[in-house]
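Reader: I would like to learn how to read a protein structure feature by feature. Could we take one example and go through it slowly?

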Amino acid sequence: MDSEIKEEVPVHEEFILCCGVETQVLKCGPWTNLFNEPRANRPKLLIFVITGNPGFSAFYVPFAKALYSSVNRCFPVWVISHAGHALVPKGKKILTTSDDPNAQEINDIYGLQGQVEHKLAFLRTHVPKEIKLVVIGHSIGCHFSLEILKLAPELPRRPSFPAL
């Protein structure tokens with residue numbers, strides 16, 4: 001048995017207004033707002049997890065913590081819920097971004113294409129352009145990931161790994 005006490009992995013829960021819809025984001029690591037970090041301290045890469053249905057982010061916390069630990073705590077791991085799939089607890093503050101260019105509401109945000117546009121709007125608003133992305137999708141989240149890659153080739157991403 002390992003006698004060393006392991007440090008707890010920090011997980012921050014935020015509710016963000018994205019495209020007019022409250023959205024839950026769980027963030028592993030000390031980085032909660034990448035734009036507030038001095039450029040030299042920003043991580044070079046973000047691991048972005050898009051949930052499967054029913055879009056319950058808390059289900060992915062053990063996975064996110066393990067992933068964060070496996071990259072030696074060098075890169076943040078963020079998990080985003082689907083638009084409209086998480087209720088904000090009473091008294092919990094909803095974060096808004098005043099300079100959000102994606103503040104407009106998306107038609108059919110609860111449909112497949114609307115959910116893709118919702119994730120794209122989040123990435124464009126909350127992730128600096130120089131940070132590379134590793135996008136992980138589970139179930140329908142995988143479909144959303146592929147659509148994001150097709151619709152937004154300008155997003156910096158880590159090259160995909162060759163098939164084994």
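Author: Let us begin with strand pairing, where two strands count as paired if DSSP finds at least two bridges between them. This is a predicted model, and in it E1 and E2 run antiparallel and are joined by 8 bridges.

Reader: What stands opposite Thr 23 of E2?

Author: The residue opposite Thr 23 in E2 is Ile 16. The two strands E1 and E2 form a hairpin with 2 residues between them, and in that turn Cys 19 has a positive phi of about 60°.

Reader: Which other strand does E2 pair with, and in which direction do the two run?

Author: E2 is also joined to E4, by 4 bridges, and these two strands run antiparallel. One of the residue pairs here is Val 25 with Ile 80, the latter being its bridge partner in E4.

Reader: How should I think about the side chains of a strand?

Author: In a regular strand the side chains alternate between the two faces of the sheet. In this structure, 7 of the 8 residues of E2 are buried, so the strand is largely enclosed by the rest of the structure.

Reader: Is Leu 26 buried or exposed?

Author: The cut-off to keep in mind is that a residue is buried when its relative accessible area is under 20%. Leu 26, which is found in strand E2, has a relative accessible area of 8%, and therefore it is buried. The residues that Leu 26 touches, leaving out those up to four places away in sequence, include Val 11, Ser 57, Val 61 and Trp 78. Leu 26 and Val 61 are 35 residues apart along the chain, yet their C-alpha atoms are separated by 7.8 Å.

Reader: How many disulfides does a search of the whole structure find?

Author: The search finds 0 disulfides. For Cys 19, the nearest cysteine sulfur belongs to Cys 18 and is 4.0 Å away, so Cys 19 is in no disulfide, since the two sulfur atoms would have to be within 2.5 Å. Cys 19 counts as buried because its relative accessibility is 2%, and Cys 28 counts as buried at 3%.

Reader: Turning to helices, what should I compare when I look at the length of H3?

Author: Compare the span expected from the number of residues with the distance between the end C-alpha atoms: at 1.5 Å a residue the 12 residues of H3 should span 16 Å, and the ends are 17 Å apart, which agrees.

Reader: Which residues of H3 are buried?

Author: They are Gly 141, Phe 144, Ser 145, Glu 147 and Ile 148. These residues cover an arc of only 170° around the axis, which means that they lie on the same side of H3. On the other side of H3, Leu 146 and Lys 150 are exposed. The buried residues of H3 pack against E3, H2 and E6.

Reader: How many residues of H2 are buried, and what covers them?

Author: H2 is mostly covered, with 11 of its 15 residues buried, among them Val 116, Leu 120 and Phe 122. The cover of these buried residues includes the strands E1, E2, E3, E4 and E6 together with helix H3.

Reader: What pattern does the whole chain follow along the sequence?

Author: Read along the sequence, the pattern is β-β-β-α-β-β-α-β-α, which comes to 3 helices and 6 strands. Buried residues make up 41% of the 164 residues in the chain.

Key: Residues are numbered from 1 along each chain as its sequence is written. This is a predicted model: local features need pLDDT of at least 70, side-chain atom pairs count only at pLDDT 80 or more; totals for chains, interfaces and linings use all residues. Side-chain values use heavy atoms; hydrogens and water are left out. Buried means under 20% relative accessible area, exposed over 50%, partly exposed in between (1.4 Å probe, protein chains only). Contact means heavy atoms within 4.5 Å. The expected span of a helix is 1.5 Å times one less than its number of residues. The arc is that of the directions from the helix axis to the C-beta atoms.
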